[in-house]
Amino acid sequence: FATLKSLGCVVSFSSLPEEHMDSSRHISPTSSSQTLTQLNAAAGLSSDSGFDGGHRRFVAAAPSGQKKATGKRHPGKAILAGGIAGGLEIMITFPTEYVKTQLQLDEKAAQPKYKGPLNCVAVTVKEHGVGGLYRGLSSLLYGSIPKASVRFSVFEYLKNKLADDKGNLTQGRILLAGLGAGVSEAVLIVCPMETIKVKFIHDQTQPKPQYRGFLHGVSTIVRQEGIRGTYQGLFPTILKQGSNQAIRFFVFTNLKRWYQGGDNSKDIGNLRTMFSGGLAGAASVFGNTPIDVVKTRMQGLEASKYSSSWDCVKKIWKYEGAKAFYKGTVPRLGRVVADVAIVFTLYENIMKLLNTVWKTPNYR
């Protein structure tokens, strides 16, 4: 009873039968079950907790009104945290994205302009200044905020739906949640914004660029090509983003689980979060760079030379060889490792901040 009292349970002895108040009276085995039930009921405990006479132990029930913590996160918080993290991350890593795209567009079939990533940076700075490395930033920035919001919120939503009561998922369900997040961001955000970004960057390499700014560029693309002009390369984009997020969330979630040691609420710290994110990003680069190359070609200004994504694959193989499918791997690796490490670290910290100001019962 002292234990019950320490847990905040009030025991009313008046509610117990009189015969149970006599400590010298022996309780027969046949009446022990009923007696234990009455003791538990008097203490306000459920039938599956309290005194267990058969094993001489006591199982405490949680105080009334206390909710069980889970490993699930609120999708609404994920929308805010993802958007903020996505915007900050792209401002830091855009120059490597610019170099990667330039190298992929610098087709081997034509006269190559760049000798490698460093030469691309040198030529760009020489011709356009340091600001040249940020050409096309506006189109990507406008897309990065909603993209990250959709990615993290859909992942958290699917994870909550697929997880057990403690917030745990099987390996297959982690992959499925990541895949769903990637496909969602591809269709809703990434394909139109990536198409616009590639067209902007490619346009700036022409002798007479036709786009004067983001709004003018978008209106020109829609006027000349229709809405379909912003959805070029949809299929490879879905493949890229779906595989990207499936790999990244799978690797990151498993590394985080390993560091947590089975405690979903444990904070693994910024260094471990950044390392886990970076490793997840590297895994996705080696897993789907060929898809990224095809996607970029299908979204460029010369996409009309390919009748389909498969036709693009065949022509790259025929005229440029297998190595062409890994063009831009080095700058992409640098960008993606930094990108994913930064965005996961920012996301985790922003979620912790939101948890202090936005209380959501049944979520952590």
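**The core and its surroundings**

Reply: The protein chain exposes about 18,700 Å², of which carbon and sulfur atoms supply 62%; accessible areas come from the Shrake-Rupley method with a 1.4 Å probe, and for residues only the protein chains shown count as cover. This is a predicted model, in which local features need pLDDT of at least 70 and side-chain atom pairs count only at pLDDT 80 or more, while totals for chains, interfaces and linings use all residues. Residues are numbered from 1 along each chain as its sequence is written, and side-chain values use heavy atoms, with hydrogens and water left out.

The protein chain has 11 helices and 2 strands; these are DSSP runs numbered from the N terminus, with helices (H or I) of at least four residues and strands (E) of at least two. Along the sequence, the pattern reads α-α-β-β-α-α-α-α-α-α-α-α-α. Of the 364 residues in the protein chain, 47% are buried. Buried means under 20% relative accessible area, exposed over 50%, and partly exposed in between, with a 1.4 Å probe and protein chains only.

The largest nonpolar core has 31 residues, and those with the most contacts inside it are A81, F152, F249, F344 and Y347. Such a core is a set of buried Ala, Val, Leu, Ile, Met, Phe, Trp, Tyr and Cys residues joined through side-chain atoms within 4.5 Å. The elements that each give two or more residues to this core are α3 (75-105), α5 (137-162), α6 (171-204), α7 (214-225), α8 (234-260), α9 (270-299) and α11. Helix α11 gives the most, with 8 residues. Apart from this core lies another, of 12 residues, among them V99, C120, L133 and L137. In soluble globular proteins, nonpolar side chains tend to be buried together.

Leaving aside neighbours within four places in sequence, F344 is in contact with F152, F249, F252, T273 and G277, where contact means heavy atoms within 4.5 Å.

F152, F155, F249, F252, F344 and Y347 form one aromatic cluster, and the structure holds 10 aromatic pairs. Rings of Phe, Tyr and Trp (its six-membered ring) pair if their centres lie within 6.5 Å; planes under 30 degrees apart count as stacked, over 60 as edge-to-face and the rest as tilted. The rings of F252 and F344 have centres 4.0 Å apart and planes at 10 degrees, so this pair is stacked. Because F252 lies in helix α8 and F344 in helix α11, the pair ties together parts that are 92 residues apart in sequence. F252 is buried too, with a relative accessible area of 3%.

The structure has 13 salt bridges, a salt bridge being a side-chain nitrogen of Lys or Arg within 4 Å of a carboxyl oxygen of Asp or Glu. E156 forms one with R73, the closest N and O atoms being 3.8 Å apart. E156 lies in helix α5 and R73 in the loop between β2 (57-59) and α3, so the pair ties together parts 83 residues apart in sequence. Both E156 and R73 are buried. E185 and R151 meet in a salt bridge as well, at 3.0 Å from N to O; E185 belongs to helix α6 and R151 to helix α5, so parts that are 34 residues apart in sequence are tied together. Both E185 and R151 are buried. Salt bridges that share partners join R73, E156, K159, K256 and E348 into one network.

K240, in helix α8, counts as buried at 4% relative accessibility. Leaving aside neighbours within four places in sequence, K240 is in contact with E194, N288, I291, D292, K295 and R332.

Helix α11 (residues 329-357) also holds V357, which is exposed, with a relative accessible area of 64%. L80, V357 and W358 make a nonpolar surface patch of about 290 Å². Patches are made of residues with over 30% relative accessible area and no salt bridge: like charges are joined within 9 Å, and nonpolar side chains (Val, Leu, Ile, Met, Phe, Trp, Tyr) within 5 Å.

Over the protein chain, among contacts between residues at least 6 apart in sequence, 74% join residues at least 24 apart.
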